[in-house]
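This report examines how two parts of one protein chain meet. Please consult the sequence and the structure while reading.

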Amino acid sequence: MFYIDNLLIKGFRNYRQQQLQFHPHLNILIGDNAQGKTNLLESIYYLSVTRSFRTNHDQELTHWEEQSLYLKGTFIKNGFNHVVQISYLQNGRFKLTINNDPVNRYDHLQQFPVVVFSPDDLQIVREGPSIRRRFINLEASRLSPKYFKELRAYQRVLLQRNHLLKDKQNRRQINVLLEPWDQSLIALGSNIIRYRVEVISDLEKEAQLFFNLMTNSRETLSLSYLSTVNYCDDLLEIPKNFHSALMTKRDQEFNRGSTAIGPHLDDFKILINGYDARRFSSQGQKRTAALALKMAEVYLFKRQNHEGPIILLDDVFSEFDINRKIHLLDFLRDNSGQCFISTAVDLNNLIESLNREHKIFSIRQGCASDEIVRSSS
Amino acid sequence: MAYPVSLKKLVDVLCRFPGIGQKTAQRLAFYLLGCSREDVIAIARAMVEAKDRLTFCVICGSLAEAESCSYCSDPGRDQSLLCVVQEPRDVLVLERTGQYRGLYHVLHGALSPLDGIGPEELKLDQLVRRVEDKNVGEVIVATNPNVEGDATAAYIAMLLKPLASRVTRIAFGLPVGGDIEYADDLTLSRSLEGRREI
């Protein structure tokens with residue numbers, strides 16, 4: 001069993017100081033809007049991923065009257081305690097330790113998997129390719145540290161190569177200058193595409209199952225990877241085709257001053273009943289598709305770690321109809337991992353139907369009080 | 001607490017050293033204050049002397065106290081073997097192995113368009129000329145295993161392949177004496193790619 005047992009929050013968003021003791025299975029956060037429910041979920045996510053799911057700027061996470069934020073949480077994994085501490089000073093000093101040993105932010109990424117679903121995740125289905133790339137990059141990085149390192153190297157090569165393309169002075173010998181960067185771009189980029197195709201196909205399988213569950217198998221969900229490199233299902237062809245595509249785009253690259261081929265421009269398509277969900281689907285379908293992607297992630301982590309990740313559901317229940325709510329709760333019950341659910345509406349009947357011991361946290365203005373609810377049986 | 005002026009000046013100067021922060025600089029400054037005057041002068045003199053006497057070898061670009069370095073002027077070294085490195089300090093590291101008996105060529109950097117470093121900024125013309133003029137059988141590229149080092153290695157390979165009989169790159173792999181379980185994934189996968197028969 002893997003779960004977060006307790007958490008101390010200091011100077012995080014609207015929390016001044018709060019000590020929390022969680023239930024190993026189910027935790028419900030209840031409160032009106034703008035009281036700190038999402039902030040609490042965010043702090044758990046931050047402790048796991050060292051990033052927020054709402055912002056890229058760590059400064060925003062600090063309490064408006066404080067200079068620093070501090071989080072200390074105990075994850076229980078295989079029966080062992082792992083005390084994770086994060087402190088972040090306003091001037092940009094970030095410190096992360098596990099059991100008092102300093103840890104690299106990137107090595108930490110896989111240790112304590114947490115999956116979040118928040119209303120913002122609708123963007124994955126609704127918005128442009130960059131949101132989906134961000135999603136796939138984060139998921140792939142959390143599943144494979146090699147992917148993460150190659151992605152970082154790729155981004156560095158891209159910067160270097162774009163700089164050369166923008167430089168008008170070197171025009172005469174540009175092909176010679178580009179050659180070594182092209183080699184790196186193709187080698188790293190091909191690996192990234194291959195791994196993404198793999199992850200997308202794994203996600204698709206699991207997302208389909210979940211989507212079937214939610215829609216009583218009346219609708220289908222499929223994913224397909226859209227690459228700027230044409231590979232016709234043969235992944236071994238990628239480096240060769242990458243190279244020839246670069247050659248044909250060279251003039252365009254000079255004019256734009258940026259790299260026109262590669263995984264940094266790729267996308268993946270989400271199809272509902274065979275149609276592009278971005279354009280031809282209702283709000284409810286989009287939301288269900290986004291949730292399916294996130295719950296597919298839960299499966300992938302489970303497969304990799306043999307234990308379910310911690311699931312954070314931010315204000316999900318108000319958005320779905322009653323059937324989908326029940327299906328989602330069924331899913332959560334069958335999934336053995338720990339779960340946090342935040343809600344502004346009363347979920348009593350639904351939760352009671354689960355008939356499981358859980359903890360309820362009432363959140364008001366950055367303070368939480370808790371009570372335990374035992375199952376009736 | 002306000003520093004006395006001369007102490008503050010010393011700490012500020014020491015802070016300019018790479019890897020030295022305010023705290024360490026202060027520790028070093030107090031160490032110097034604790035030394036005898038002769039010792040401090042000896043330290044200062046050693047710095048000036050090193051700066052005055054050390055230059056770069058006109059042939060290979062590594063550190064030298066004369067026009068050419070001790071490696072280039074050593075007839076006992078294998079003249080047909082050339083190892084290309086990024087920085088003069090890399091030569092010292094390779095020398096420490098005691099295994100390499102060939103010559104060196106120091107590039108003084110790696111390709112990095114972002115920092116304005118192109119082939120002209122590196123000692124690549126000299127490298128090509130050396131390989132053309134002397135009978136170099138093998139060029140070993142020992143640039144750093146990062147994005148810029150990789151690109152530099154690829155560029156050198158492109159330049160030298162038509163000239164030298166062999167252009168090789170040093171292997172990537174596991175640290176010797178370490179445990180496989182502590183290796184990071186990328187190093188390990190690079191070692192797998194570079195595996196060889198036993």
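Which residue forms a salt bridge with Arg287(A), and how far apart are the closest N and O atoms? The partner is Glu319(A), and the closest N and O atoms are 3.5 Å apart. The model in which this pair is found is predicted.

Domain 1 of chain A covers residues 1-113 + 312-377, while domain 2 of chain A covers residues 122-307. Their C-alpha centres lie 30 Å apart. Across the boundary, 23 residues of domain 1 of chain A are in contact with 27 residues of domain 2 of chain A.

The size of an interface is often given as the accessible area lost when the parts come together. Here the two domains of chain A bury about 2200 Å² between them, and 57% of this area is on carbon and sulfur atoms. Gln110(A), Arg324(A) and Phe331(A) contribute 28% of what domain 1 of chain A buries against domain 2 of chain A, more than any other three residues.

| Link between domain 1 and domain 2 of chain A | Count |
|---|---|
| Salt bridge | one salt bridge |
| Polar contact (both residues at pLDDT 80 or more) | eight residue pairs |

On the side of domain 1 of chain A that touches domain 2 of chain A, helix H1 (37-49) and helix H10 (322-334) of chain A each supply at least two residues. H10(A) gives the most to this side, with four residues. By type, the residues of this side of domain 1 of chain A comprise eleven nonpolar, eight polar and four charged.

Notes:
Residues numbered from 1 in each chain as written. Chains lettered and ligands numbered in written order. Predicted model: local features only at pLDDT ≥ 70, side-chain atom pairs only at ≥ 80, totals over all residues. Heavy atoms only, no water. Domains from an automatic or database assignment. Contact = heavy atoms within 4.5 Å. Buried area = accessible area lost by both parts, 1.4 Å probe. Salt bridge = Lys/Arg side-chain N within 4 Å of Asp/Glu carboxyl O. Polar contact = N/O pair within 3.5 Å; in protein donor to acceptor, adjacent residues only side chain to side chain. Nonpolar A, V, L, I, M, F, W, Y, C, P; charged D, E, K, R; others polar.
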